[in-house]
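Thanks for coming. I will go through one model today, and I will keep to what can be computed from the coordinates.

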Amino acid sequence: MSNSFLQWDNLCNTSILYFEVNIKGATQAGIPVGVYFFTQATNVIEAVEEASMVVSLCKNYNLSYPIFIDTGGAGGNGRADGLDRETRTQVCEAFCKTVEGAGYRAGVYGARNWFNHMLDMSRLDNYVIWLAEYRDKPLYQGYYHIWQYTSSGSIDGIEGRVDLNMSYM
C-alpha cells in the first residue's frame with residue numbers, strides 16, 4: 001500500500017463524512033457539484049490509486065462538474081512538494097486518465113504561476129482547467145474553463161470567507 005493511502009487512512013473517516021454531508025446537501029439544494037482532490041502522489045502509481053479512491057467515493061453521485069486534481073504545494077511540508085515538472089505533469093495525466101476511464105470528466109486546478117512553471121500545460125489541454133487567480137482580470141495566457149477570482153467571498157448561510165468562481169462551461 002502506498003504512503004498516499006496510508007495518509008488518507010488517517011483522515012479517511014472525517015474526510016469522507018464531510019464529503020458525503022457536503023455533496024448530499026449541495027445536490028439536494030440543486031447546486032451543481034464537482035470534486036476537488038489535493039494530491040500528495042509522488043508518482044504515477046500513487047496518482048492512479050488516489051484517482052481510483054476518489055472515483056469510488058463519487059459512484060453514488062451525479063456530478064455536474066469534473067473531478068479535479070490539485071498538485072499545489074503544501075508549504076514545503078508535503079510529500080509531493082519537491083516533484084519536478086515532468087513528474088508532476090505525469091501525476092496529473094495519470095489521475096485524469098483514471099478518472100476519465102471511470103466515465104467522469106477530469107480537470108486540473110492551479111494558480112497561474114503553477115500552470116506556467118510547475119506543469120507542462122500543453123500535455124493537459126484535453127482536461128478541464130480551473131484557474132485560481134485573484135484579481136479583476138486574469139493574466140494567465142492559457143485557456144481555462146473555470147476562474148476562481150477570490151478567496152474572500154461571502155455566501156448567505158456559510159460562516160467565514162469562501163472562494164468564488166466563474167464557470168465558462
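**Cysteines, sheet and aromatic rings**

A search of the whole structure finds zero disulfides, a disulfide being a pair of cysteine sulfur atoms within 2.5 Å. Take C92: it is in no disulfide, and the nearest cysteine sulfur, that of C96, is 6.1 Å away. C96 is likewise in no disulfide, with the sulfur of C92 as its nearest, at 6.1 Å. C92 is buried at 0% relative accessible area, and C96 is buried, also with 0%. Buried here means under 20% relative accessible area, exposed means over 50%, and partly exposed is in between, with a 1.4 Å probe and protein chains only.

Before going further, a word on the source. This is a predicted model, in which local features need pLDDT of at least 70 and side-chain atom pairs count only at pLDDT 80 or more, while totals for chains, interfaces and linings use all residues. Residues are numbered from 1 along each chain as its sequence is written, and side-chain values use heavy atoms, leaving out hydrogens and water.

On confidence: pLDDT is the predictor's confidence in each residue, from 0 to 100. The protein averages 89, and 92% of the residues score at least 70. Over residues 1–11 pLDDT stays under 50, and for that stretch the model has 20 contacts beyond four places in sequence. Contact means heavy atoms within 4.5 Å. Where pLDDT is low, the predicted coordinates should not be read in detail.

Now the sheet. Helices (H or I, at least four residues) and strands (E, at least two) are DSSP runs, numbered from the N terminus; two strands pair if DSSP finds at least two bridges between them. There is an open sheet of six strands, in the order β1-β2-β3-β4-β5-β6, with mixed pairing. Its edge strands are β1 (35–38) and β6 (162–167), each pairing on one side only. Neighbouring strands are turned by 25° against each other on average, direction ignored. Axes are lines fitted to C-alpha atoms, for helices over the stretch in contact, and angles run from 0 to 180 degrees between N-to-C directions.

Strand β5 (residues 146–153) runs antiparallel to β6, and five bridges join them. G153 has V162 in β6 as its bridge partner. Helix α2 (residues 44–58) packs on the sheet, touching β1 and β2 (67–70), and its direction makes about 150° with that of β1. Helix α3 (residues 85–101) lies across β1, β2 and β3 (106–111), at about 165° to β2.

What does V35 touch, not counting residues up to four places away in sequence? The list is F19, V54, C58, L63, P66, I67 and F68. V35 lies in strand β1 and is buried, at 8% relative accessible area.

Last, the aromatic rings. Rings of Phe, Tyr and Trp (its six-membered ring) pair if their centres lie within 6.5 Å; planes under 30 degrees apart count as stacked, over 60 as edge-to-face and the rest as tilted. By this rule the count comes to 10 aromatic pairs. Y144 and Y168 form an edge-to-face pair, 6.1 Å centre to centre with 65° between the planes. This pair links distant parts of the chain, 24 residues apart: Y144 is in the loop between β4 (128–132) and β5, Y168 in the segment after β6. Y144 is buried at 19%, whereas Y168 is partly exposed at 45%. Finally, Y36, F68, Y109 and W130 form one aromatic cluster.
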